[in-house]
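Colleague: Hi! I'm new to this one, could you walk me through it?
Modeller: Happy to, let's bring it up first.

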Amino acid sequence: MKTFAVLQLSGCAGCEMSLLEAGDWTKKYELTHLPLVISSHDIPDVEVLLISGGVRTDEDLFKLRRSVKKAQQVVAVGTCAISGGVASLGDREEVRALFTAEESRREVPRLLPKCHPIDTFVNVTFYLPGCPPTPELFMVALSGKNDFKSSKIVCAECGRKKVKEIRPQSLAGFSQGSVLTDICLIKQGFLCIGSSTRNGCLAPCPRAGFPCVGCRGPSDILMEKGKAAWLQSIQRIFETLTDIPAEEVNAGLRSPQLSLFLFQFSDYDGTARPVRPKEKMI
Amino acid sequence: MPTLKFPLSRIEGHAQVVIEVQGGKVVSAYFQATEFRGFEHLVKGVPAEDMVVIVPRICGVCSTAHHVAAVEALEDAYGVTPPPLAQNIRELLLLGQLIQNQATSLFIFTMPDRLGTESIFQIPDQADTAQPMHIAQGVAQVRKAGTNLIKVAGGQFIHPVKAVVGGMTSGITKAEADAARAEVEAALPLACRLFDYYIEKTRELKERIGTLGDDAPAYYIASVGDTKPDYSGDRLRMLDPHGVLCDEFPARDFWSHLTYEETDYSYSGRTNYKGNVIRANSLARINMAKSMGTPYADGYLKRFRETFGHPAHAILLFDIARGIELVYALERALEILSGPLDGEDTHIGFTPRDGEGYGLVEAPRGPLIHHYVIQNGLISKADFIIPTVHNVMAIEQALRVAAERYITAERIDMELEHAVGRVVRAFDPCIACATH
């Protein structure tokens, strides 16, 4: 059986819980290392190494560098490993100052100045985006072939109707009352970014009535274009579908810390990192 | 001075146990959480309502509890009461998490300790003729009943989205509820068989090692009532070491009733009650329960009481208590799924306002409190009081008991390594949460 291991860096274990849900791997693959479910403290040589979490501490970095040498294929799993994820919210001067206060603790791994995606330090064979990626997508990652087919954007899967007659005037959000079933969330004045987000998840959030926050990252078309082009494309969607003033949409999209969109923009913003090739993105 | 370090596995997150020994005497036993992301810092300045999306990411195992606690903290700050149907769906959401968590802790984290394996994914088929089924497959099915409940009630089973200020974004259709009910109905007998097997294997373990671990009387903390536990949490309750309710207070009075302290050896803080060791999690709730209010769970509770007395203190009973709750959660979920959940009255409008709010949820690991201060619509201060933090002193005390059992002037019994694992896993700590 094909062997695989999972290296958990600083993250939430959500990716691992999603993997556990993809029950089928137990029949096809041999899991050799994942301390969450197996008592083993070292990664053996494996065919596929899944890495979740960001590089937050010096211990993360040490483990990362040591582990990738043992694997034929390295898959960056989840938003934290791919873009630093939610921890990138701390990548601000005023927050960094707070972190330095934590450094007085002894006998624990030192914190790095920021949380890094793993490809800052090592080469990655495939990226498996999502927060977390769905169980089905884990099976694709384990297969070692990026042959997953789906519609390009989340918007194509949510099934809500873009009714012409409805044109919201403002970004009212949940304060306005109940979410209408079957009607596009943008048409109800929600800041949904499913139109720029990579599909593969089959739109569970907008289907359930919550706007897409873009956890699968940019769609193929937008991946190589950068943040300005993404914001423009979302702006255009709102101009077409709503009467919400452009300034209001813009302010919403750039809301403090871009917190709602940290999955899409956090690490792509203002860095000199080469574009991640879409062929490597599952 | 020799120092023994035991990296931990089959728990959520990164932690190790450090035991210092001198001349055959145990000097100290530390439970050291070695990861840190700093959520209290990094949510500063984010729009308040974004918290419901951000804070589930504290932990992928406990994301449901954080999601609901965040919503409740905001509702407290805004003065909003969600409609009854929304509260019903939230209870179902939390039950789904309890099923998933207790099944994971019992069967994936601690079952291998009873079977002498490294993992349930490495048990050969029919290794034991008494084995009721293919363990890993049975466990997957029970867990799935829980994760599917989270999915229908919360939108997705990790980092759910459906709880928002004012209620839930949508109800549960009849078709979804029927499908979920069929899964839970199938999982219930399976869970009972796995749990019976687990109880039997725990009895064998006790015969082999001669103990169920540290059984010193302790204080217990939980936020459920004493019948038909509602995990939405209302007030914190403390049980004294004799099993008598000795204190009761709302989440906002937490600071004046418990003492919270940071340590320099771990990224996790710890709490105490007037200087005393406290315990949260399953055993706290089971010691507090007069009845579970469902037939199978009450049967297990009765046998538990007859066998171990009240209050029960031995730490391996945390695991057994978890099984009782697993059965309860499945039974209670069936009750809720039998009622109407597809109404449109899941949400009410609200007016956001600045101020302060507390959210309290009884997570699988104990009472979880979120506290936010909102200024100009943004979070200016956030505190996350994590259940595991209440157990840190209890874990360290139990580690010391185990260490003293296996360390003598002449030798260190290698059973210690297994004992350390069993002790920590009994408390089912969550390190991602504890350090956040």
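**A first look around**

Modeller: Let's begin with a loop: L202(A) sits in the loop between α6 and α7 (204-208) of chain A. Keep in mind that this is a predicted model.

Colleague: Okay, what is phi of L202(A) near?
Modeller: Phi of L202(A) is near 65°, which is a positive value in a residue other than glycine. Most residues other than glycine have a negative phi.

Colleague: And how does L202(A) count, buried, partly exposed or exposed?
Modeller: L202(A) counts as partly exposed, because it has 15 C-beta neighbours inside 10 Å.

Colleague: Which residue of chain B has a positive phi?
Modeller: N376(B) is one, with phi near 55°, and this residue is other than glycine too. You'll find N376(B) in the loop between β13 (366-375) and β14 (378-385) of chain B. N376(B) is exposed, because 10 other C-beta atoms lie within 10 Å.

Colleague: Switching topic: where is there a cis peptide bond?
Modeller: In chain A, a cis peptide bond joins C131(A) and P132(A), with omega about -10°. P132(A) belongs to the loop between β7 (126-128) and α6 (135-143) of chain A. In chain B, the peptide bond from H310(B) to P311(B) is cis, and omega is near -10°. As for P311(B), look in the loop between α9 (295-308) and α10 (317-338) of chain B.

Colleague: Now the inside. How many residues does the largest nonpolar core have?
Modeller: The largest nonpolar core has 235 residues, and I51(A), A141(A) and M51(B) are those with the most contacts inside it. Helix α4 (residues 84-115) of chain B gives the largest share of this core, 16 residues. At least three residues of this core come from each of domain 1 (2-148) and domain 2 (154-265) of chain A.

Colleague: Which residues does A141(A) touch?
Modeller: Leaving out residues up to four places away in sequence, A141(A) touches L50(A), V75(A), V77(A), F126(A), L128(A) and I282(A).

Colleague: You mentioned domains. What separates the centres of domain 1 and domain 2 of chain A?
Modeller: Taken over C-alpha atoms, those centres are 28 Å apart. The contact takes 11 residues from domain 1 of chain A and 10 residues from domain 2 of chain A. On the domain 1 side that touches domain 2 of chain A, there are 7 nonpolar residues, 4 polar and no charged.

Colleague: How many residues does the contact take from chain B and from chain A?
Modeller: Chain B gives 59 residues and chain A gives 55 residues. On the chain B side that touches chain A, the elements giving two or more residues are α1 (39-42), α2 (51-54) and α5 (135-154) of chain B. The largest share of that side, 3 residues, comes from α5(B). The residues of the chain B side divide into 26 nonpolar, 22 polar and 11 charged.

Colleague: Back to α4(B). At what angle do α4(B) and α6(B) pack?
Modeller: α4(B) and helix α6 (residues 174-209) of chain B pack at an angle of about 40°, and their axes are 9 Å apart. The crossing of α4(B) and α6(B) is left-handed.

Colleague: Which residues make that contact?
Modeller: From α4(B) there are L106(B), F107(B), M111(B), R114(B) and L115(B), while α6(B) brings L194(B), Y198(B), K201(B), T202(B) and L205(B). In the contact of α4(B) with α6(B), 7 residues are nonpolar, 1 is polar and 2 are charged.

Colleague: Thanks, that helps!

Definitions and conventions. Residues are numbered from 1 along each chain as its sequence is written. Chains are lettered from A and ligands numbered from 1 in the order in which they are written. This is a predicted model: local features need pLDDT of at least 70, side-chain atom pairs count only at pLDDT 80 or more; totals for chains, interfaces and linings use all residues. A nonpolar core is a set of buried Ala, Val, Leu, Ile, Met, Phe, Trp, Tyr and Cys residues joined through C-beta atoms within 7 Å. A residue is buried if 20 or more other C-beta atoms lie within 10 Å of its own, exposed if 12 or fewer, and partly exposed in between; C-beta atoms are placed from the backbone. Helices (H or I, at least four residues) and strands (E, at least two) are DSSP runs, numbered from the N terminus. Domain bounds come from an automatic or database domain assignment. Two residues are in contact if their C-beta atoms, placed from the backbone, lie within 7 Å. Ala, Val, Leu, Ile, Met, Phe, Trp, Tyr, Cys and Pro count as nonpolar, Asp, Glu, Lys and Arg as charged, and the others, Gly among them, as polar. Axes are lines fitted to C-alpha atoms, for helices over the stretch in contact, and angles run from 0 to 180 degrees between N-to-C directions. A crossing is left-handed if the near helix is turned anticlockwise from the far one by less than a right angle, and right-handed if clockwise.
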